[in-house]
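Try each task before reading its solution.

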Amino acid sequence: MDEEENYLMYWITNDETQTIDIALVVNTTGWIGFGISPYTGTMPGSDIVIGWVSQGKAYLQDRFVTSHSKPTLDASQDYVLVSGQEANGQTIIKFKRQYKTKDSHDLPFEAGTSRLIWSYHHSDPLSPTQITKHQKKGSQSVNLFNTMPEADKPSLPNDTKSFIIANRNIILPAKNTTHWCSTFKLPVINSDAHIIKMSPHIQKGNEGIVHHILVYDCFLDDDLQHESHDCNSENMPIDLIICQGATALSAWAIGGKGITLPAHVGIPIGKTSGTRYVLMEIHYDNPDKRADLRDSSGMKFYYTHQKRRYDAGVLEIGRVSSSLTIIPERQVKWEVAGYCSNYCTRLNLPAEGINVFSGMMQTHLAGRSIIVRQFRNRTETSPLISNPHYDFYYQEFVYLKESKKIFPGDQLTVVCTYNTQNRQNYTIFGSTSKDEMCLSFLYYYPKQEMAVCVSYESPEHYNKFLKSVKAADKTSKKLGSNFTEELIILENTAPLLQYCAAKDHRLLQHNSSMYIPDLIRVETNLKTINSGQAISHSL
């Protein structure tokens, strides 16, 4: 839970009994605290337990917090103590709870990103009613449900080899946040192989500044294999900008352990097929704005020549990150939809379909939730994948407990929700973290040619809208209530175009510019016109 690994958490979920078992192992002989926050990572509104061991007896208290104050003892004690002990300077507390309870002070354990909080003290409470203030505290985003249990991870074959891609002792800019982009040509492997595992390779001592890593599968010229830039700098080559945010191959964030693929699939690499070039994007935190920081962190890839039954592929779906897509300012909840059309899946998927076993969803800082809705024969099925509590700072591939089918003729609709309450100007889609995007990357098998299946807005209709906005005020970056309503109508009525292509941008549709036929359009933001809840303030 913390960078120094003084506070460790282990858990097992049981869908049959709807319970979660949690074990906390903390380097202290005092009390330890654990809580679920209301998706904020802070105390107010949190559901908390406090446990300790005194004279061989374990204690556990269910508490709640309404503000930055001492947690209140809950009248309904819904966390069940399993065991507790002190040994070798550590306190170990095990407990369990139902996913959902009837207590209004209890927050649910649910799918998506949970923002957990933790704390501890080096001494036990003075009494069960006198809890001394914490000495250490923190928060951590965690995916409690869609992770592969350690027991299910396949062992590495005896011929497993590895390689590392890493930054080359770069000097970090003296600013709070930096996204650094570097390109690499993968090692030449003389025979076909499978990548089966990917894990973070963090430079010792830099654990506190490397926040997350994304690796994209790229189609690059050989002379671009050693590029290294601030992702938001003017020096970024256009080919790197195109690749950044394209097909994600791997992702890691603080608290994560990397990706282990299921035993029957692998990512092809080697002589005749697979990935050759990648772009690695690392998010660095430098709150003290130090000018002397250097880093050589990256990712480690494990591969085997014992090829598995299926080649895994990655399919990018959603909305093209075009500056024509706009999110108005001051919005509590604004939705954007992107489509992988039934036309594209009908043309490019085999009759038996493909099997999705993992995925990663991506927006930027304003993103709050993402869901991939699936339609078959014009009827909506259960969601393919979703994260109702998205956290930009915790981007990892999630595993599906059971793989899900996508058949030819299925439509996939990615719906992203944003909050721009604190933004004074409208936000456009783009590649920088201050811009936005709405994408999902699906790991599936068997691998197909189609790598991208996205939609984009009609330039004719949206350019006309933007021209009207600029005509009203050439300098303003605000939409106001009138233009916000007009944008809502435009989003729900203007025709959308599709783009389905292979990794090298080779088109897999009949025409280069094609409106989506037979579109099942998802209504977005229409409720706000009548309620006014998400309409911008008038200029």
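**Exercise 1: Disulfides**

Four disulfides turn up in a search of the whole structure, which is a predicted model.

Task: For the disulfide between Cys181 and Cys231, find the handedness and state where each cysteine sits.

Solution. Step 1: A disulfide is a covalent bond between the sulfur atoms of two cysteines. Here the S to S distance from Cys181 to Cys231 is 2.0 Å.
Step 1: The torsion about this S-S bond is about 110°, so the disulfide is right-handed.
Step 2: Cys181 lies in strand E13 (residues 177-185), and Cys231 lies in the loop between strand E16 (228-230) and helix H1 (238-243). The two cysteines are 50 residues apart, so the pair links distant parts of the chain.

**Exercise 2: Two helices**

Task: Decide how helix H3 (residues 459-472) and helix H4 (residues 480-493) run relative to each other.

Solution. Step 1: The two axes come within 11 Å and cross at roughly 175°.
Step 1: Angles over 145 degrees count as roughly antiparallel, therefore H3 and H4 are roughly antiparallel to each other.
Step 2: Residues making the contact include His461, Tyr462 and Phe465 of H3 and Phe483, Glu486 and Leu487 of H4.
Step 3: By class, the contact has seven nonpolar, two polar and two charged residues.

**Exercise 3: The largest cavity**

Task: Describe the volume and the lining of the largest cavity.

Solution. Step 1: There are three cavities of 30 Å³ or more, and the largest holds about 150 Å³ of space.
Step 1: Its lining has 15 residues, with Thr113, Met361, Asn387, Glu396 and Val398 nearest the centre.
Step 2: Strands E27 (354-362) and E30 (385-387) each supply at least two lining residues.
Step 3: The lining divides into six nonpolar, eight polar and one charged residues.

Technical notes: Residues are numbered from 1 along each chain as its sequence is written. This is a predicted model: local features need pLDDT of at least 70, side-chain atom pairs count only at pLDDT 80 or more; totals for chains, interfaces and linings use all residues. Side-chain values use heavy atoms; hydrogens and water are left out. Axes are lines fitted to C-alpha atoms, for helices over the stretch in contact, and angles run from 0 to 180 degrees between N-to-C directions. Helices (H or I, at least four residues) and strands (E, at least two) are DSSP runs, numbered from the N terminus. Angles under 35 degrees count as roughly parallel, over 145 as roughly antiparallel, 65 to 115 as roughly perpendicular and the rest as oblique. Contact means heavy atoms within 4.5 Å. Ala, Val, Leu, Ile, Met, Phe, Trp, Tyr, Cys and Pro count as nonpolar, Asp, Glu, Lys and Arg as charged, and the others, Gly among them, as polar. On a 1 Å grid over the protein atoms alone, a cavity is a set of points where a 1.4 Å probe fits but cannot get out, and a pocket is an open set with protein on both sides within 12 Å along at least five of seven lines; lining residues have an atom within 4 Å of a point. Grid points are joined across faces, edges and corners, and a volume is the space filled by probe spheres set on the points. A disulfide is a pair of cysteine sulfur atoms within 2.5 Å.
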